Protein chains: 2
Amino acid sequence: MARVDFTHDPAARSWVESANGHSDFPVQNLPLGLFSPSSERPRGGVAIGTKILDLGAVAPLLPQDAGDAARLADSSTLNNLLAAGKDALRALRHGLFRLLTDPAAEKSARPALYPVDQCKLHLPVHIGDYTDFYAGIHHAVNVGKLFRPDNPLLPNYKYVPIGYHGRASSVRLSGEDVVRPNGQTMPPGAETPLFGPCKRLDHELEMAIWVGRGNALGHPIPIKQAADHMAGLSILNDWSARDIQAWEYQPLGPFLAKSFHSSVSPWIVTMDALGPYRIAQPARPESDPAPLPYLFDSDDQQNGALNVTMEVYLSTARMQADGQPLHRLSQGSMTAMYWTVAQLFTHHSVNGCNLSTGDLLGTGTLSGATDESKGSLLELTRGGKVPIRLPNGESRTFLEDGDEIVITAFAEASGFVRIGFGECRARIAPSPQWEL
Amino acid sequence: MARVDFTHDPAARSWVESANGHSDFPVQNLPLGLFSPSSERPRGGVAIGTKILDLGAVAPLLPQDAGDAARLADSSTLNNLLAAGKDALRALRHGLFRLLTDPAAEKSARPALYPVDQCKLHLPVHIGDYTDFYAGIHHAVNVGKLFRPDNPLLPNYKYVPIGYHGRASSVRLSGEDVVRPNGQTMPPGAETPLFGPCKRLDHELEMAIWVGRGNALGHPIPIKQAADHMAGLSILNDWSARDIQAWEYQPLGPFLAKSFHSSVSPWIVTMDALGPYRIAQPARPESDPAPLPYLFDSDDQQNGALNVTMEVYLSTARMQADGQPLHRLSQGSMTAMYWTVAQLFTHHSVNGCNLSTGDLLGTGTLSGATDESKGSLLELTRGGKVPIRLPNGESRTFLEDGDEIVITAFAEASGFVRIGFGECRARIAPSPQWEL
């Protein structure tokens with residue numbers, strides 16, 4: 001299966017002018033989303049430059065297989081399109097690429113274009129289950145040191161793609177405020193727990209992986225077939241209440257510390273779009289134990305990692321009021337993943353668990369090995385001990401009300417254009433007053 | 001709000017003769033489910049004796065408010081009915097009780113009755129999220145002793161209703177086989193993990209709590225309003241792979257050890273049906289710390305616990321072939337819950353997490369203080385060290401292929417009839433051969 005084809009041609013240009021040059025969404029990207037033009041009904045679209053192309057509207061202009069896929073997207077979720085599988089997604093990509101690069105197609109397709117700033121974006125799929133992995137090995141070591149100084153990386157880490165079930169109902173689209181959670185905490189030295197607003201509110205830099213075709217209960221996904229089940233990626237911010245987490249997480253793992261809100265970016269960058277940016281697995285040193293056979297595939301080892309870079313920015317309420325630019329907190333990469341996306345799919349289903357179309361898999365926080373690449377404030381401030389100084393004189397250990405976190409991401413490779421993921425942003429809103 | 005009304009009258013009798021006498025489903029119960037008469041479409045029904053009453057079919061025979069509720073149940077899930085809230089459920093209960101006890105109504109209602117053994121039962125709701133709590137304090141102590149002998153009950157247990165996110169996609173109706181999961185294990189003395197079928201497959205005796213009306217993200221449910229959000233209870237068996245769990249669960253909790261299958265019984269016994277069986281919270285000794293104020297309500301302390309008894313039975317393949325009766329493994333009770341159902345709802349949402357109609361909350365394993373009341377094989381066999389001897393000479397530490405576990409439950413109180421929950425049963429099927 002070729003991972004690079006004509007749709008990755010770096011010389012290709014679209015008749016949508018804003019897609020040429022420095023756009024997250026050149027014609028080589030074609031990410032999928034759900035949008036409403038002004039007050040109309042939600043429908044599937046593809047981002048191209050500063051525009052969105054209405055998939056249902058252009059279905060008649062596409063070849064049969066691409067048109068069929070586009071019609072599946074003409075719905076209030078993209079679940080039906082993602083369920084159709086990777087062949088349908090590829091046919092759609094090929095058809096859209098030809099449509100958007102063919103000057104002769106402009107006249108008939110242009111009426112299906114909407115300026116993104118005149119559209120409302122929606123969560124693109126109905127999420128059945130949300131699983132968050134812990135695949136960023138540097139994050140696992142950094143956090144392990146804080147919670148278990150004597151035992152940062154547990155003995156299972158290099159064998160088991162550690163993950164846990166997350167909360168699907170509170171996954172929200174980028175842009176929706178995050179209400180600071182109330183909860184129980186046990187501050188150092190306290191004899192009984194306190195109740196009140198979280199004091200150690202944090203972001204987590206992650207990528208979201210969307211499940212395309214599902215598997216039946218009792219029928220695991222072999223690693224060689226894992227690619228058949230992947231739809232694409234978005235940016236994920238898995239907001240975390242560190243003080244609540246520290247008190248509640250034993251023995252069953254994080255619960256209310258995570259379930260109050262998770263933000264995802266609106267555009268699904270398909271696995272096909274990411275073909276040129278695949279690289280060999282960099283995070284597993286040769287000296288580490290080999291993956292168990294069910295997690296091993298030589299092609300996956302050679303091409304299963306993704307050269308995707310993410311950047312986290314902070315803007316405080318004062319910075320926003322003063323019109324100051326975003327302050328970059330860190331830069332991370334998907335190359336920090338100890339496990340490939342294929343390994344996550346296979347491990348998740350190896351016990352027979354059924355993944356469903358629209359399920360969301362989080363990578364876990366993708367911190368790098370350096371201070372500049374730490375993907376959470378917990379790590380950046382060494383557990384809140386070392387505040388971050390901002391250019392305007394403010395400082396932060398954890399997030400304050402009014403703070404906004406913006407995460408961007410892009411994929412790049414020599415000889416190919418750079419493609420982007422858009423952004424995942426949300427602002428912190430104050431806790432509700434709690435009525436006893 | 002009266003918890004006991006005319007629908008709990010122990011003298012009431014139905015014109016459905018099988019509902020009178022020793023039935024799980026007397027007219028005082030009226031649990032809700034989803035069924036198909038022979039090959040017809042699924043629809044909502046209520047169990048009465050050995051029959052199911054088609055709710056949509058009797059809607060015209062009911063008063064306006066009850067008829068409206070019955071029509072909401074005429075659907076492929078009960079979500080719309082449960083979302084209508086407790087007033088709708090109560091109106092439906094009152095209307096059905098009058099219909100089924102009024103001899104004059106028999107002629108018009110009888111055509112809507114179907115023998116349960118000629119119907120197919122379905123999972124009654126679409127489950128959004130599944131959360132499993134850990135509210136059985138004796139189970140927490142028993143398991144804590146096995147995993148952490150020096151530290152069985154962690155310091156947070158008596159303050160925090162411990163829970164974790166479970167897997168919604170693999171929750172199945174009673175009767176569907178449980179495929180033994182494959183997975184990684186690290187046997188004592190091994191240097192690297194093994195892969196293969198689970199060797200320590202276990203049941204967990206739990207009750208399922210169904211969410212009725214949901215709450216919006218960022219808007220917690222105060223404990224005084226928790227009852228407005230409860231729909232009812234079923235029996236839950238949260239199958240567990242103990243060897244997989246022991247190796248994977250640090251630091252983020254159980255994952256593949258639980259996500260391969262969870263079984264629920266088909267009938268939702270409504271909170272209104274359970275009114276007479278409410279008692280004061282027995283599992284929290286006076287000397288224990290008081291619940292934090294957000295978890296405290298004096299009425300809930302006096303009436304928030306439920307006198308529901310559950311029994312677990314085993315039948316091996318040989319016992320089934322020989323026609324031997326089920327062997328009772330244990331008897332548990334919801335009185336083992338350290339937290340009330342209301343406390344679970346309030347705690348779950350206190351951080352702003354939105355519960356949705358049809359969400360499933362598990363109580364956690366409800367072991368009692370005695371050996372005869374241990375709700376899992378892990379506890380009954382002391383971690384697999386003490387086999388259970390069966391009457392036919394077989395023995396078990398954990399479950400073997402072909403074994404069937406059957407859980408039943410009932411509520412009882414002096415001066416009221418006993419009502420039952422039906423049964424939750426499933427058999428173990430062998431692991432699939434794993435193709436590398």
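Me: Which residues of α4(B) are buried?

Reply: This is a predicted model in which local features need pLDDT of at least 70, side-chain atom pairs count only at pLDDT 80 or more, and totals for chains, interfaces and linings use all residues. Residues are numbered from 1 along each chain as its sequence is written, chains are lettered from A and ligands numbered from 1 in the order in which they are written, and side-chain values use heavy atoms, with hydrogens and water left out. Buried means under 20% relative accessible area, with exposed over 50% and partly exposed in between (1.4 Å probe, protein chains only). The buried residues of α4(B) are Ala88(B), Leu89(B), Ala91(B), Leu92(B), Arg93(B), His94(B), Gly95(B), Leu96(B), Phe97(B), Leu99(B) and Leu100(B).

Me: How many disulfides does the structure hold over all chains?

Reply: A disulfide is a pair of cysteine sulfur atoms within 2.5 Å. The sulfur of Cys353(B) is 15 Å from the closest cysteine sulfur, in Cys198(A), which is too far for a bond. Over all chains, the number of disulfides is zero.

Me: Is Cys353(B) buried or exposed?

Reply: The relative accessibility of Cys353(B) is 0%. Cys353(B) therefore counts as buried.

Me: Which residue does UniProt list for "active site", in an unreviewed entry?

Reply: UniProt positions are given in the numbering used here, feature names are shortened, and annotations may be inferred rather than shown by experiment. The residue lies in helix α6 (residues 137-147) of chain A; helices (H or I, at least four residues) and strands (E, at least two) are DSSP runs, numbered from the N terminus. The unreviewed UniProt entry lists His139(A).
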